[in-house]
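Hi,

Here is the structure I promised to pass on to you. My notes on what turned up in it follow below.

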Amino acid sequence: ALQERNTNLMRMAEQLAESRKGCENQLSEALASASASEITLSELSTALAGAMDEIAALNSIIVAYKSDIGNKDQAMSDTQRKLAEEAALNVALLGDKTDLNSQLQKLQEMHDDVATSLESD
């Protein structure tokens, strides 16, 4: 689920980057048409400011998504490390259980030997 979310966030970040490129292209077109038409400096300045604000907002969103993805990757790494530690502990506990079972079997044999010895006396 985390991997799918990370993929979706990356896809959204790419879409936002493409949108930013579109804004930059629109700005370039506006600048090109300004020289060929009657657009006033004030209108061009307003268009430029709007485009720059939109680019800044898109950049902020992209940075936030990348940060979120980084946090998710770190959480996933932490989870994998904890699972590996738990697996190692389970292996150790299984070894302890095997040792205890072996000792219990020896004690049972000793008990049986004592019981047999007492019965024969």
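Lys72 touches Leu2, Arg5 and Asn6, leaving out residues up to four places away in sequence (contact means heavy atoms within 4.5 Å). This is a predicted model, where local features need pLDDT of at least 70, side-chain atom pairs count only at pLDDT 80 or more, and totals for chains, interfaces and linings use all residues. Residues are numbered from 1 along each chain as its sequence is written, and side-chain values use heavy atoms, with hydrogens and water left out.

Lys72 sits in helix α2 (helices are DSSP runs of H or I, at least four residues, numbered from the N terminus). With 18% relative accessibility, Lys72 is buried (under 20% relative accessible area; exposed is over 50%, partly exposed in between, with a 1.4 Å probe and protein chains only). Asp68 is buried too, also at 18%.

These two form a salt bridge, with the closest N and O atoms of Lys72 and Asp68 3.2 Å apart (a side-chain nitrogen of Lys or Arg within 4 Å of a carboxyl oxygen of Asp or Glu). They are 4 residues apart in α2, about one helical turn.

Further along α2, Arg81 and Glu85 are likewise 4 residues apart, and their salt bridge has its closest N and O atoms at 3.1 Å. Salt bridges that share partners also link Arg5, Asp68 and Lys72 into one network. The whole structure has 4 salt bridges.

Met76, another residue of α2, is in contact with Leu2 and Gln3, its neighbours within four places aside.

Best wishes

Definitions and conventions:
Helix = DSSP H or I, 4+ residues; strand = E, 2+ residues; numbered from the N terminus.
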